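Colleague: I have a model open and want to learn how to read it. Can we go through it feature by feature?

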Amino acid sequence: MMTQYKAALIILYDHEKKFLLQHRTKDAAVLPDYWAFFGGGIKEGEIPEDAVRREAYEELNYRLQAPQFFTEQDFNTDAIKGHMYVYIEAFSGSKSALKLQEGQGWGWYKASEINKLKMIDHDRQLIRSIDRYLAEKTDANYGKRFNPDC
């Protein structure tokens, strides 16, 4: 039986609902030259939240404040098969404090801008799901904040 690769991923978003994506190197073992999420493998004995915190620090020199578990699901690429745990976090610090420590580049993108990027469809769908979730959350908070009957 093959051991399944387990990964923890972080998707940071800013106040404009732009998502931070990593441009993987051209020689990456998995998804070379693709745009993807920051994160990586879960070590033996590590829980997913600890792994996502470690990975964010290793790849971005950023200590997550309050990562929120969003979903978990199986994934399958040409190079690897596994299970991923996806976390999201609102980023409100100085973007200049982030340091790219893995990959060839990075960028902040709105869900409407990701079609132009070389990404796997699964990742695009995940960004769109998070974007919808954030829109619903914002709408719900707006109603509570401004409707005195709530």
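Predicted model: local features only at pLDDT ≥ 70, side-chain atom pairs only at ≥ 80, totals over all residues.

Colleague: What is the volume of the largest pocket?

Modeller: About 500 Å³. The lining has 24 residues, and the closest to the pocket centre are Leu9, Arg24, Val30, Leu31 and Phe37.

Colleague: How many nonpolar, polar and charged residues are in that lining?

Modeller: Sort the lining by class. You get twelve nonpolar, eight polar and four charged residues.

Colleague: Now the core. Which residues have the most contacts inside the largest nonpolar core?

Modeller: A core is read from buried nonpolar residues joined through their side chains. The largest one here has 22 residues. Ile11, Phe19, Leu21 and Ile127 have the most contacts inside it. β1 (5–13), β2 (19–23), β6 (81–90) and α2 (121–146) each supply at least two residues of this core.

Colleague: Take Ile11. Leaving aside neighbours within four places in sequence, with which residues is Ile11 in contact?

Modeller: Ile11 contacts Phe19, Phe37, Val86, Tyr87, Ile88, Glu89, Leu126, Ile127 and Ile130, with those neighbours set aside. Another core lies apart from the largest one. That other core has 17 residues, including Ala56, Leu60, Phe91 and Leu98.

Colleague: What does Leu98 contact, neighbours within four places in sequence left aside?

Modeller: On that count, Leu98 is in contact with Leu20, Leu60, Tyr62, Phe91, Trp106 and Trp108. Now set sequence against space. Leu98 and Tyr57 are 41 residues apart in sequence, and their C-alpha atoms are 9.5 Å apart.

Colleague: On to strands. In what sense do β5 and β6 pair, parallel or antiparallel?

Modeller: For any strand pair, read the direction and then the bridges. β5 and β6 pair in the antiparallel sense, over eight bridges. They form a hairpin with four residues between them. Thr71 stands opposite Val86 in β6. Asn76 has Lys81 in β6 as its bridge partner.

Colleague: And in what sense do β1 and β6 pair?

Modeller: Parallel, over nine bridges. Tyr5, for one, has Gly82 in β6 as its bridge partner.

Colleague: Why is β6 said to be largely enclosed by the rest of the structure?

Modeller: Count the buried residues. Eight of the ten residues of β6 are buried, so β6 is largely enclosed by the rest of the structure.

Colleague: How many bridges join β2 to β7?

Modeller: Five, and the two strands run antiparallel. His23 has Gly105 in β7 as its bridge partner.

Colleague: Next, backbone angles. Where does Lys17, a residue with positive phi, lie?

Modeller: When phi is positive, check whether the residue is glycine. Lys17 is not a glycine, yet its phi is about 60 degrees. Lys17 lies in the loop between β1 and β2. At 25% relative accessibility, Lys17 counts as partly exposed.

Colleague: What about the phi of Asp33?

Modeller: Phi of Asp33 is positive, near 65 degrees, and Asp33 is a residue other than glycine. Asp33 lies in the loop between β2 and β3 (35–36). With a relative accessible area of 22%, Asp33 is partly exposed.

Colleague: One last residue. Is Asp123 buried or exposed?

Modeller: Go by the area, not by the residue type. Asp123 is in helix α2. Asp123 is buried, with a relative accessible area of 5%. It touches Trp35, Ala36 and Phe37, not counting residues up to four places away in sequence. Asp123 and Ala36 are 87 residues apart along the chain, with 7.0 Å between their C-alpha atoms.

How values were computed:
Residues numbered from 1 in each chain as written. Heavy atoms only, no water. Core = buried A, V, L, I, M, F, W, Y, C linked by side-chain atoms within 4.5 Å. Buried < 20%, exposed > 50% of the residue type's maximum accessible area, 1.4 Å probe, protein only. Contact = heavy atoms within 4.5 Å. 1 Å grid on protein atoms, 1.4 Å probe; cavity = no way out; pocket = protein on both sides within 12 Å on 5 of 7 lines; lining within 4 Å. Points joined across faces, edges and corners; volume = space filled by probe spheres on them. Nonpolar A, V, L, I, M, F, W, Y, C, P; charged D, E, K, R; others polar. Pairing = 2+ DSSP bridges.
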